[in-house]
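Morning, everyone. Please have the structure up on your screens, and let's get going.

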Amino acid sequence: MLSQVNLDVKGVVDSDIISTVEFNCSGELLATGDKGGRVVIFQREQESKNRLLSRGEYNVYSTFQSHEPEFDYLKSLEIEEKINKIRWLPQQNAAHFLLSANDKTIKLWKISERDKRAEGYNLKDEDGRLRDQFRITTLRVPVLMPMDLMVEASPRRIFANAHTYHINSISVNSDYETYLSADDLRINLWHLEITDRSFNIVDIKPANMEELTEVITAAECHPHQCNVFVYSSSKGTIRLCDTRAAALCDRHSKFFEEPEDPSSRSFFSEIISSISDVKFSHSGRYMMTRDYLSVKVWDLNMENRPVETYQVHEYLRSKLCSLYENDCIFDKFECCWNGSDSAIMTGSYNNFFRMFDRNTRRDITLEASRENSKPRAMLKPRKVCTGGKRKKDEISVDSLDFNKKILHTAWHPKENVIAVAATNNLYIFQDKIN
Amino acid sequence: MFSKGTKRKFSDGDEEISDESLVGARVASSYSLQRQSLLDMSLIKLQLCHMLVEPNLCRSVLIANTVRQIQEEMTHDGSWHMVTEAFCGPGQSPSERLVATEVLCRSREQDAEPKLFSVISYEGCREEEVVADETLCSVSVSDTVSNVCLAGRVGQCWEKSELSGVERDEEALEDSRLDSGEDEEIDTEDGASTESPKTTGQVFGTFEIKNGSPGPDSALEELFSDVDTSYYDLDTMLTGMQSAPKMGPYDLLDSLAPSHSSPSIVSTPTCRSDLNELDHIMEIIVGS
């Protein structure tokens, strides 16, 4: 059972809307990016040996402005500073590195701690003023003195000018040297050390833009095979590519598509089949895709259909016309695996999020809201009433708040701790089972 | 899919109809009403593009695909034909009109390669790159009134037939003062790029401003004839877009539009006939 650990309440400002959430590889750090171009990193408290039953809470560790709004003078268009994706690099020394991307530019940030300061310089005073040279009569070695912990974030690389369209994904490769970035029509492969060029590995832009009927919606590197990556499209297909096959991976190695059910065909079929997120399992054997109404788990060895399909909010199928009208049908929900790949999670409307246990086939709907849960309280399962008599505690489909959508969720890589972004609030839930 | 029970405007029919077919007719008309409203909604969505921030390409593509789908179905039904004839002259295919309306939707993109003038607005985001062919350049250089879309870029030419047609038009252009909108459609290509030709639609706004040859503007044109025109293009495009009176030309544009498709590849009889139409109009303008 999940209980709420803590929540970080930000102001109700548009620029505070959280646009991405990501745990680092150890789960010790949790990064969020928002619409205002800021990155906030939370760090888990060390578990105190005195309080055996307490689990670490996440507190703010560092805040910095990653991207600023820009204006493209040539096209007379604003470039939003909204952070679309954050991905952590595996930790290789005391510092932490992450990649953050807005629509056009990716930046590599180094987050490092400073808790010591050198004192006793020869040529300057403690306050920095130069000492009078005549007064220097002895030579001393500066010593390191402890100071209050300072966390510094500095941009180490800026990968710019490689994307004509909006970046929707970045993914660090398992070789820890390269990463890919994908926009609507192209995917580029970068080397982390080289900022002035990248390799274009996928290009689906047609010669005549009027023939464009499909765009890239997400891309990810395989967790173990550094030559394999996948990308999903707005037509509900996933292509797996091998960079060993050719320099330009326009021809896929595998093509995943589920045949359409002709009985449920409508004008909205294509829109709801558009994949908003694709994630490999930690094992690398499966991948998960999120379309508007469902989550599908695919076995990489089977291309013609998914091995598992989970309905997220099937009750919305009869409301597609209204959802098209208010643009909600274009919302891009993300999905995530737990550390052991036994469960998956994704968001929905009304601040609901759903978790599916792949082994028991049980699912649960929970709500991330301040009104309905106090800190440390257990979360109650929620249920949406689809018709007929509404039971107590159920909520009817028409009462759902479509402005409260949970698009971004993240699961701790090792433990049952989840982070859920509800508009401008971040909720962190933890399993209390000991 | 659609909720049933929409209020029908149609009466029960003048003739005697059996109950079954009546129900069937009700369902059918309800369906087509809803389909029509979906189509209208989609077209409005495509046209309401933000000026300052680029619209979401994925969303635009999905909406456009939906529109195409409805269109195809309506074409099969035969109901599309009625819709288009209501709005434009015969001889113009529905898809052209559809595509033409997207000129109203301004989303400009520029390719990563440095092009002097590159505009993408495809249903929200289509790529329109304006460059001129060598021959066109030579035609225009002699005239300082820089019809900018023709100005100094070596391009790759498209089909000879189109070329000759266009050349003639260009000359006619330079001789006359063209009113906005009553222009031919000229597909030009970016010669500065080294990649394969992308022939796409012309931005008519550019034409409107540029082609005022005699008159007070010519002195100004001479003054700025050596100015880098790429920014100028954008400005005029923007002003051409935003000022209200240009609605007239756009309407005409719609009816003229031999879509913005590449003439070299998908040249259809409609394209040629439209060029003929264009010639005809040019003659009228020039001849008067």
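Start at the hairpin of S20(A) and S21(A), in this predicted model. Between the two strands sit 5 residues. Gly284(A) there takes a positive phi near 85°. A word on names: strands (E, at least two residues) are DSSP runs, numbered from the N terminus.

S20(A) and S21(A), residues 286-290, pair in the antiparallel sense over 4 bridges. Two strands pair if DSSP finds at least two bridges between them. Val278(A) stands opposite Thr289(A) in S21(A).

In a regular strand, side chains alternate between the two faces of the sheet. Now, which residues cover the faces of S20(A)? On one side, Asp277(A) and Lys279(A) are buried. On the other, Val278(A) and Phe280(A) are buried too. Buried means under 20% relative accessible area, with a 1.4 Å probe and protein chains only.

Some ground rules. Residues are numbered from 1 along each chain as its sequence is written, and chains are lettered from A in the order in which they are written. Local features need pLDDT of at least 70, side-chain atom pairs count only at pLDDT 80 or more, totals for chains, interfaces and linings use all residues, and side-chain values use heavy atoms, without hydrogens and water.

Next, the second largest pocket. A pocket is an open set of points on a 1 Å grid over the protein atoms alone, where a 1.4 Å probe fits, with protein on both sides within 12 Å along at least five of seven lines; lining residues have an atom within 4 Å of a point. This one holds about 860 Å³ of space, a volume filled by probe spheres set on the points. Its lining has 30 residues. Glu22(A), Cys25(A), Glu220(A), Pro223(A) and His282(A) lie nearest the centre. Strands S20 and S8 of chain A are among those that each supply at least two lining residues.

S8 takes us to an open sheet. Its 4 strands run in the order S8-S9-S10-S11 in chain A, with antiparallel pairing. S8 and S11 stand at the edges with a single partner strand each, so one side of each has no neighbour in the sheet. S8(A) pairs with S9(A), residues 96-101, over 4 bridges. Ile86(A) stands opposite Ser100(A) in S9(A).

Last stop: Val39(A), in strand S4 of chain A. Buried or exposed? Val39(A) is buried, at 0% relative accessible area. Leaving aside neighbours within four places in sequence, its contacts (heavy atoms within 4.5 Å) include Ile86(A) and Ser62(A). The C-alpha atoms of Val39(A) and Ser62(A) are 8.1 Å apart.

Terms used. Buried < 20%, exposed > 50% of the residue type's maximum accessible area, 1.4 Å probe, protein only.
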